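Colleague: Before we discuss the details, I would like to see the sequence and the model together. Could you please display them?

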Amino acid sequence: TKGVITIDPGYKNTGSCESAITFLEGDKGILRYRGYSIEELAEKATFLEVAYLLIFGELPTREQLTKFHNDIKGQSVVDEDVKKILDAFPKSAHPMGVLASLTSALTAFNPSSVNVNSEEDMYKAIVKIMGKFPVLAAWTLRKRNGLPLDYGDRSLGYVENILKMMFKQPNEDYTLNPILINALDKLLILHADHEQNCSTSTVRIVGSSHAGLFVSLAAGVSALWGPLHGGANQAVLEMLEAIKEDGGDTKKYMAKAKDKDDPFRLMGFGHRVYKNFDPRAKIIKKAADEVLANLGVEDPILDVAKGLEREALEDSYFVDRKLYPNVDFYSGIIYRAMGIPVEMFTVMFALGRLPGWIAQWREMRLNKEPIGRPRQIYTGATYRKFKSIDER
Ligand code: SDX
């Protein structure tokens with residue numbers, strides 16, 4: 001602290017805004033969207049209902065939900081020229097980098113989404129991105145698989161359509177598996193919002209300059225990509241694979257995670273707010289058992305994960321620091337069982353977080369939040385006179 005400026009690295013003890021969207025109680029492991037518990041929503045609601053709830057503040061009536069879905073379906077085509085941008089990427093490009101670029105590029109094809117100064121303009125931009133973002137996400141996978149870039153099936157539900165766009169092979173009828181649909185619907189609900197996390201704060205601060213919704217979301221995709229944030233779900237699977245390759249030697253990886261000289265962290269463990277179990281991790285862990293059993297999938301990685309969790313929760317280093325499994329620890333095991341490649345795990349996180357980002361961006365604009373512009377404590381050189389190059 002110097003004068004009136006207090007430095008708070010990572011904003012651990014700084015509130016950036018007042019918000020009525022999501023409530024977290026870190027010590028008790030409570031998570032609610034607009035007052036509804038995620039346990040109830042994950043059990044009883046659909047992802048599109050939860051998206052409507054987060055964005056507009058109330059659970060939709062049947063008519064409101066039907067209109068919302070129809071308006072989204074009306075916006076689920078992407079300008080063909082966007083494919084030229086996708087073509088420019090190598091097949092090896094990480095899907096999150098592609099998704100961030102294409103999301104930003106959408107602005108060029110939808111200029112009206114930039115200056116949204118009325119609720120009506122905002123609604124139009126919201127249904128546009130709710131319709132187009134899943135197409136872009138599916139295209140990132142189809143590009144890696146060398147498949148034609150199709151559009152969705154308007155007769156399907158929002159989540160069913162995502163699965164079909166991702167996996168439909170040309171000249172083949174894609175059969176929708178209710179187990180996959182229910183699993184994805186639940187996972188997307190559990191990822192839908194999480195108050196002022198890194199990527200949401202990014203969306204808010206970019207939007208606070210009155211930059212458009214799509215570019216604000218593209219910035220959120222980029223922030224989510226980081227392995228300390230949404231990218232952790234990919235890093236968890238890579239870590240669990242490494243442990244399995246190492247003969248299941250969890251102790252070695254826990255020792256690495258405790259070694260201050262080793263940058264390795266136990267991926268999928270710890271959280272800035274939850275100093276208790278992440279309630280989402282509890283639900284996802286249970287769902288992992290159910291989905292794998294329903295699919296008849298035996299995945300030894302699930303046993304490695306449970307073994308690692310058991311050992312970490314008995315180890316004082318993790319217990320003292322209240323490091324519990326977070327949302328990213330088990331989610332990848334379900335995605336894998338669904339046939340989703342590990343590079344796509346964080347794209348799935350982004351698909352879930354989309355309505356949360358939109359809701360937070362909308363609230364920030366409706367609340368007329370000032371442009372985000374923090375201060376600093378200067379620690380650089382004091383005044384120095386210029387020296388010509390010969391004097392240096
Ligand atoms: C998400 O914010 C959100 O809400 C995010 C999210 C959302 O829904 O938006 O919940 C989604 O991002 C979940 C988190 C996914 N990330 C990971 O799983 C990566 C591994 N986790 C850590 O990097 C870490 O726990 C964070 C990033 C999640 C939280 O970091 P903090 O709050 O800044 O904690 P910290 O780095 O200050 O750590 C406190 C102590 C340190 O040890 P000491 O210096 O006190 O000795 O705990 C240690 C850390 O070294 N620590 C870990 C650890 N996490 C923290 N040690 C080993 N392994 C870990 N995973």
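Colleague: The backbone nitrogen of which residue lies 3.0 Å from a polar atom of the side chain of Ser37?

Modeller: This is a predicted model, in which local features need pLDDT of at least 70 and side-chain atom pairs count only at pLDDT 80 or more, while totals for chains, interfaces and linings use all residues. Residues are numbered from 1 along each chain as its sequence is written, and side-chain values use heavy atoms, with hydrogens and water left out. Ser37 is found in strand S3, residues 36-37 (helices, H or I, of at least four residues and strands, E, of at least two are DSSP runs numbered from the N terminus). Its side chain forms a polar contact (a pair of N or O atoms within 3.5 Å; within protein, one must be able to donate a hydrogen and the other to accept it, and residues adjacent in sequence count only if both atoms are side-chain atoms) with the backbone nitrogen of Glu40.

Colleague: Does Ser37 count as buried or exposed?

Modeller: Leaving aside neighbours within four places in sequence, Ser37 is in contact (heavy atoms within 4.5 Å) with Leu31 and Arg32. Buried means under 20% relative accessible area, exposed over 50%, and partly exposed in between, with a 1.4 Å probe and protein chains only. Because its relative accessibility is 18%, Ser37 counts as buried.

Colleague: Where is Lys322, which has a positive phi of about 55 degrees?

Modeller: Lys322 is not a glycine, yet its phi is positive. At 42% relative accessibility, Lys322 counts as partly exposed. Its place is in the loop between helix H15 (316-320) and helix H16 (327-337).

Colleague: With which residue does the side chain of Lys258 make a polar contact of 2.6 Å?

Modeller: Lys258 is found in helix H12, residues 250-258, and it counts as partly exposed because its relative accessibility is 31%. Tyr317 is 59 residues away from Lys258 in sequence, but the C-alpha atoms are 7.1 Å apart. Leaving aside neighbours within four places, Lys258 is in contact with Asp315, Tyr317 and Phe318. The 2.6 Å polar contact joins its side chain to that of Asp315.

Colleague: What is the relative accessible area of Thr250?

Modeller: Thr250 is also found in helix H12. Not counting residues up to four places away in sequence, Thr250 touches Ile243, Leu308 and Glu311. Thr250 is buried because its relative accessible area is 6%.

Colleague: Which residues does Leu141 contact beyond its neighbours within four places in sequence?

Modeller: Leu141 is found in helix H6. At 1% relative accessibility, Leu141 counts as buried. Leaving those neighbours aside, its contacts are Met166, Phe167, Pro341 and Met344.

Colleague: How much of the area that the ligand exposes when taken alone does the protein bury?

Modeller: An oxygen atom of the ligand is 2.8 Å from a polar backbone atom of Gly268, and a nitrogen atom of the ligand is 2.9 Å from one of Phe269. A polar side-chain atom of His271 lies 2.7 Å from an oxygen atom of the ligand. Of the 1100 Å² that the ligand exposes alone (Shrake-Rupley method, 1.4 Å probe; for residues, only the protein chains shown count as cover), the protein buries 80%.

Colleague: Which residues come nearest to the ligand?

Modeller: The shell around the ligand divides into 10 nonpolar, seven polar and eight charged residues (Ala, Val, Leu, Ile, Met, Phe, Trp, Tyr, Cys and Pro count as nonpolar, Asp, Glu, Lys and Arg as charged, and the others, Gly among them, as polar). Of the 25 residues around the ligand (one heavy atom within 4 Å of it), those that come nearest are Lys12, His194, His271, Arg272 and Arg280.
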